[in-house]
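Me: Please show me the sequence and the structure, and I will ask about the parts in turn.

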Amino acid sequence: MHEASLVSALCDQIDRAVAPHPGALVRVVHVRLGELAGVEPELFRVAFETLREGRACDGATLSIVHELAEWRCRACDAAITRGAALRCNACGGAARLARGGDLFLDRLELEVPDV
Amino acid sequence: MCDVCGCGDPKVVSVDVHASLLSANDHEAAHLRAHFLEDGVTAINLMGSPGSGKTALLEATARALGGRLRLAAVSGDLATTHDADRLALAGIPSAPITTGTACHLDAAMVAGAVHGGVIGEAVRTSDLFFIENVGNLVCPAIYDLGQAANVVALSVTEGIDKPLKYPVMFKAADLVVLTKVDLLPHLRGVSVGAIADALSRVMPTPRLIELSAVDGTGLAAWAEWLMARRDEVRRAPRPAHPHSHGHEHQR
C-alpha cells in the first residue's frame, strides 16, 4: 500500500505550505488523483485519516478530485477512445496521456486568526 | 466572536500549492539519474508480479552478457535476501534492499543501497545496473528511480489480461519481456497475440520480447535491446556535476 507513503509526502508538503501562516488551521486539503496515477482514492483517504494525526493538517477535510484518464494523439491531438488501442484513428500517430496521470496537492483552505 | 463588528472571527484563506505528491522522490531520482549518466551506467528498473521471472531473467542475462558487459544489481524484497543471493551466484555483483513493509522501491532506497561500499563501486563501474523491484504490479509503477528504462517482466502463466487490469504499470513500461514462453503449449487460451492486443490498449509505444530463460528463446533480442539502451546512455551528454547539495561521497 504505497498510499501511505504518498500521504506522508502530502503531510510534509502541507507543513511547508502552512509554515508562512503562523497560527493557521488547515480546514480543507484539495488533492487531484489521476485515474492512471496508480492510487486508490479510498485507501488514500484512510491513510490520510490515520497519518494526519499530530500534523498541521490534523482535523482537516480531504477533498479529492478524481481525474479521468484522457489519451490524445501526439501529432494531431485527436482524442483516443477509452479502451481502444493507443494509436490515433485519424493520423496513426502515437498516443500521449493528456490528463489523469498526476497526483497533485492543488490547494489548501486555511483558517487564519483575524488580527 | 464580537457580535457588533465580527472582529476576532477567523478568516479563511486559500493557498495554491500545485505540487506533485511525488516531487520529493522525483528530486532524488533526478539526482540518481545524473549520477548514472555521469558514470555512463545504464540503469534498468525491472518490475513485474511476484513469480513473473525477474530474477531468472537476470540470471539468464548474466549467462548471455556477463562476459561482454559489466553488470550490477540491487534486489528489492519485503523479506529475505534470496534474490540478491541468486544474482551473486550468477556472477552479478548485487545487494539486497529489504523493504520491510514497503511494497515498492523509491529513489531514496536505491540511493541508500548504492552509496559507497563494494556494491556502490560495482554499480559505478557497471555498464548495466539492474534495479530488481519488489514483485508487485501496482505500487512500483509510479516511483522514478533514476532509471534509463522501465522493463516489465510478464509471464505467460499470468494470463492475457494483466495489462488491462494493471494499466498504470504497463503505461510506464518501455519494454515488456514476456517470460516463460516455453510453457505456452501447456496453457489453454493464452496466446502472444492476445497479450500484445491488451498491451496496445495501455502502452503508448508497445514493445514486446518473447523470452524463455529455460530454453534461451529471445535472449539475443533482449541483449540487443539492452545494448541499444546502453549506447543511448553512452551517447547522451554528460551532466555537469550534479551536486547542489552537501552529501558526502565515498569516491
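Me: Which residue in S5(B) does Ala72(B) stand opposite?
Reply: This is a predicted model, and in it strand S3 (residues 71–77) of chain B pairs with strand S5 (residues 128–132) of chain B. The two run in the parallel sense, over five bridges. In S5(B), the residue opposite Ala72(B) is Phe129(B).

Me: Which strands stand at the edges of the open sheet of seven strands in chain B, and why is one side of each left without a neighbour?
Reply: The order of this open sheet is S4-S3-S5-S2-S6-S7-S8 (chain B), with parallel pairing. Each edge strand has a single partner strand, so one side of it is left without a neighbour in the sheet. The edge strands are strand S4 (94–98) and strand S8 (208–210) of chain B.

Me: At about what angle to S2(B) does helix H9 of chain B run?
Reply: Helix H9 (residues 219–235) of chain B lies across several strands, including strand S2 (42–48), strand S6 (149–155) and strand S7 (175–179) of chain B. S5 and S8 of chain B are also among the strands it lies across. Taken against S2(B), the angle of H9 is about 135°.

Me: How many nonpolar residues does the contact of H1(B) with H4(B) have?
Reply: The axes of helix H1 (residues 23–39) and helix H4 (residues 107–114) of chain B come within 8 Å and cross at roughly 35°. H1(B) contributes Asn25(B), Glu28(B), Ala29(B) and Leu32(B), while H4(B) contributes Ala107(B), Ala108(B), Val110(B), Ala111(B) and Val114(B). By class there is one polar and one charged residue, and the nonpolar residues number seven.

Me: With the side chain of which residue does the side chain of Asp144(B) make a polar contact?
Reply: Asp144(B) is placed in the loop between S5 and S6 of chain B. Beyond its neighbours within four places in sequence, Asp144(B) is in contact with Asn25(B), Asp26(B), Ala29(B), Arg33(B) and Ala107(B). The side-chain polar contact has a distance of 2.7 Å, and the partner is Arg33(B).

Me: What is the order of the open sheet that four strands form, with S1(B) among them?
Reply: Strand S5 (residues 103–112) of chain A pairs with S1(B) in the antiparallel sense over eight bridges. Strand S1 (residues 25–34) of chain A is joined to S2(A) by seven bridges, and these two run parallel. The pairing in the sheet is mixed, and the order is S2(A)-S1(A)-S5(A)-S1(B).

Me: About how much area do chain B and chain A bury between them?
Reply: The contact takes in 29 residues of chain B and 33 residues of chain A. Of the buried area, 61% is on carbon and sulfur atoms, and the total is about 2900 Å². In chain B, the residues that lose the most area to chain A are Val15(B), Leu21(B) and Pro204(B), together 23% of what that side buries. To restate the amount asked for, the two chains bury about 2900 Å².

Me: Which element gives the most to the side of chain B that touches chain A?
Reply: The residues on that side divide into 18 nonpolar, six polar and five charged. The elements that give two or more residues are strand S1 (11–20) and helix H7 (167–171) of chain B. The most, 10 residues, comes from S1(B).

Definitions and conventions
Residues numbered from 1 in each chain as written. Chains lettered and ligands numbered in written order. Predicted model: local features only at pLDDT ≥ 70, side-chain atom pairs only at ≥ 80, totals over all residues. Heavy atoms only, no water. Contact = heavy atoms within 4.5 Å. Buried area = accessible area lost by both parts, 1.4 Å probe. Nonpolar A, V, L, I, M, F, W, Y, C, P; charged D, E, K, R; others polar. Pairing = 2+ DSSP bridges. Axes fitted to C-alpha atoms, helices over the stretch in contact; angles between N-to-C directions. Polar contact = N/O pair within 3.5 Å; in protein donor to acceptor, adjacent residues only side chain to side chain.
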